[in-house]
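Please read it beside the sequence and the coordinates.

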Amino acid sequence: MTQVARSVLVATAVCAAAIILYPASVAHSTVAKASKKNPTAMREPTIRQMIVKLRNPKAIELVQPLGAERVAALSTRAGVSMRAHRAMSGGASVLRLDTPLKLSDAKAVAARMAVDPDVVYAEPDMPVRAFTVPPDASYSVREWHFFAPSDVYTDRALAGTGNKQVPATGGANLPGAWSVTQGNASVIVALVDSGVTLTHPELAAAVLPGYDFVKSSAGGLPTNFVANDGSDRDPDPTDPGDWVTAAEKTDPTTGPACDDGATGQTDSSWHGTHMAGTIVGQWGNGVGTNPPAGTSTAGIAPNARLLPVRALGKCGGTSSDVADGIVWAAGLPVPGVPANPNPARIINLSLGSTGSMCSATYNSAIVAVAAQALVIAASGNDGAVGVSEPANCPGVLAVTAHTINGDNADYANIGPEVGISSPGGGTSTLLVTTPAIVDTDIGFYTWSSILFGATTPASTETGGTRSGPAIGGFTGTSGATANVSGVAALVLSAKPTLTPTELRAALVGHVRAHPAGGFCATGQQGAGQCGAGLLDASAAVASVASPPSGGGGGGALPLAQLLLLGLLAFLGRTRQRS
């Protein structure tokens with residue numbers, strides 16, 4: 001079955017390639033047609049919940065659902081029937097709409113509620129999706145997205161044939177950074193996502209105890225539909241799978257949230273596991289010509305630690321759950337949730353909602369954590385001029401995506417809020433690599449950890465017999481964001497005293513220029529809307545690292561040994577989902 005996903009899906013496989021130096025000045029690009037959509041062209045979402053913050057709430061209203069009298073008054077003001085749902089972080093409350101509304105109608109409801117003198121703000125509880133553009137089929141692959149820009153990537157087709165050599169101009173330039181540090185256990189990156197596979201061999205050694213913020217009644221859909229794990233909020237951030245059946249896409253209740261326009265079942269994405277592997281995937285456990293399944297890729301900061309915060313489930317999640325996850329990840333209190341003993345310094349959000357401005361809900365959460373953590377978020381995959389929420393919030397480092405040749409990816413949202421561009425794979429907006437890298441090529445995707453399972457973690461792949469750990473290829477601003485978070489972990493490991501503001505400055509202040517003639521270059525359509533430049537791990541780490549004195553932050557290796565380890569770790573076995 002060909003897989004086309006709702007915003008999250010995977011393809012998989014493995015291949016090996018040699019590291020070859022190539023002159024950075026050699027151009028392998030020609031001009032193609034460029035275009036980005038207007039944000040108004042995007043589909044209007046369905047809203048099932050509202051968020052309201054009261055001006056002078058009672059103490060009990062800060063920790064429990066609002067009382068019947070208060071909800072009745074708000075419903076009268078709003079002109080719609082609502083029910084109390086739960087308290088949330090930031091002193092706000094979530095209300096359930098008895099009748100789901102289109103976003104434009106929900107905004108009108110919020111405007112009527114906001115007129116009430118007892119209301120600080122009211123807004124729709126936006127549906128949230130992970131940001132990945134799915135391929136149709138794939139195998140595991142070499143991680144070109146970590147290469148130095150002077151390296152040549154030897155590409156092969158997904159079917160294992162061919163031999164294309166192209167400069168990895170869009171690589172994140174990790175080798176130089178890895179000669180200084182591979183991360184430090186004191187550096188914690190929170191991943192607010194779909195949960196992770198805690199037993200995956202790439203992750204088990206690096207994952208800290210996390211939390212599941214997905215309510216059993218999330219999004220106003222049937223009980224346990226979004227959560228899909230049979231429980232409410234709890235200390236288990238395991239991803240149970242987010243597959244969607246063909247019937248669920250057409251069901252009157254679940255269809256508006258789950259219909260991705262594709263026929264048939266959409267398999268589980270294992271999105272959070274993929275992002276986690278990019279950030280902290282372990283080294284050296286997948287060596288030789290036939291390594292254990294799922295162990296053939298390497299993460300950016302294997303010695304750092306990952307805090308899994310589950311806020312996405314089946315067909316996405318809600319902004320209220322994501323906001324609570326952000327606050328908790330930084331070590332701040334959330335009503336009804338135990339304290340987080342491992343506050344994160346970096347918070348990765350490879351997710352988002354369509355939105356022209358930052359909501360008060362997200363702004364409250366981001367302001368609350370600003371002194372503790374740098375929030376890094378995906379710009380979105382709508383191919384639009386307009387950054388998704390919460391990447392468009394002040395204080396967030398918004399990430400757009402580029403392809404192997406460094407040009408902005410055609411799916412990647414752009415706008416003045418974007419701070420940096422990072423490898424995400426896919427098709428370029430303006431430049432075409434010669435020879436072309438297309439969706440039947442390994443180098444079209446970025447690669448990391450997933451599972452074979454089409455539904456649950458223990459299930460087998462669609463049309464096959466394999467199950468358990470695997471390797472998957474994504475394109476999208478999701479993976480681009482995880483790349484930035486991984487590099488941020490290296491920078492913080494090299495200098496742990498950095499504040500969130502200083503960490504951001506190290507990342508965006510030490511980038512490579514957008515490629516000449518590309519969509520984001522000076523004089524082109526995207527100029528000034530794709531961030532300061534291309535992610536450069538080596539330059540960012542070097543900008544804060546102390547002069548060498550016989551050691552490195554978090555366990556440095558000699559460069560020759562490092563490259564050998566990387567070469568071995570990237571050898572792999574094949575996986576196909578079709």
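Which strands does H7 lie across, and at about what angle does H7 run to E14?

1. Basis. This is a predicted model, in which local features need pLDDT of at least 70 and side-chain atom pairs count only at pLDDT 80 or more, while totals for chains, interfaces and linings use all residues. Residues are numbered from 1 along each chain as its sequence is written, and side-chain values use heavy atoms, with hydrogens and water left out.

2. Helices on the sheet. H7 lies across E12, E13, E14 and E17 and runs at about 150° to E14. Helix H6 (residues 271–280) lies across E12, E14 and E17, at about 160° to E12. Helices (H or I, at least four residues) and strands (E, at least two) are DSSP runs, numbered from the N terminus. Axes are lines fitted to C-alpha atoms, for helices over the stretch in contact (heavy atoms within 4.5 Å); angles run from 0 to 180 degrees between N-to-C directions.

3. The sheet. Seven strands form an open sheet with parallel pairing, in the order E13-E14-E12-E17-E19-E20-E21. Its edge strands, E13 (211–212) and E21 (418–423), each pair on one side only. Pairing requires at least two DSSP bridges between two strands. E12 (residues 188–193) and E14 (residues 305–310) run parallel and are joined by six bridges; Leu 191 has Pro 308 in E14 as its bridge partner.

4. Ser 422 is found in E21 and is buried, with a relative accessible area of 0%. Buried means under 20% relative accessible area, with a 1.4 Å probe and protein chains only. Not counting residues up to four places away in sequence, Ser 422 touches residues including His 402, Asn 483 and Leu 535.

5. Helix H8. Within H8 (residues 360–369), the buried residues are Thr 361, Tyr 362, Ala 365, Ile 366 and Val 369. They cover an arc of only 120° around the axis (directions from the helix axis to the C-beta atoms), which puts them on the same side of H8. Their packing partners include helix H7 (319–329), strand E17 (346–349) and strand E19 (374–378).

6. Aromatic pairs. Rings of Phe, Tyr and Trp (its six-membered ring) pair if their centres lie within 6.5 Å; planes under 30 degrees apart count as stacked, over 60 as edge-to-face and the rest as tilted. By this rule there are eight aromatic pairs. Phe 146 and Trp 178 have ring centres 5.9 Å apart and planes at 90°, so the pair is edge-to-face.

Note on methods
Buried < 20%, exposed > 50% of the residue type's maximum accessible area, 1.4 Å probe, protein only.
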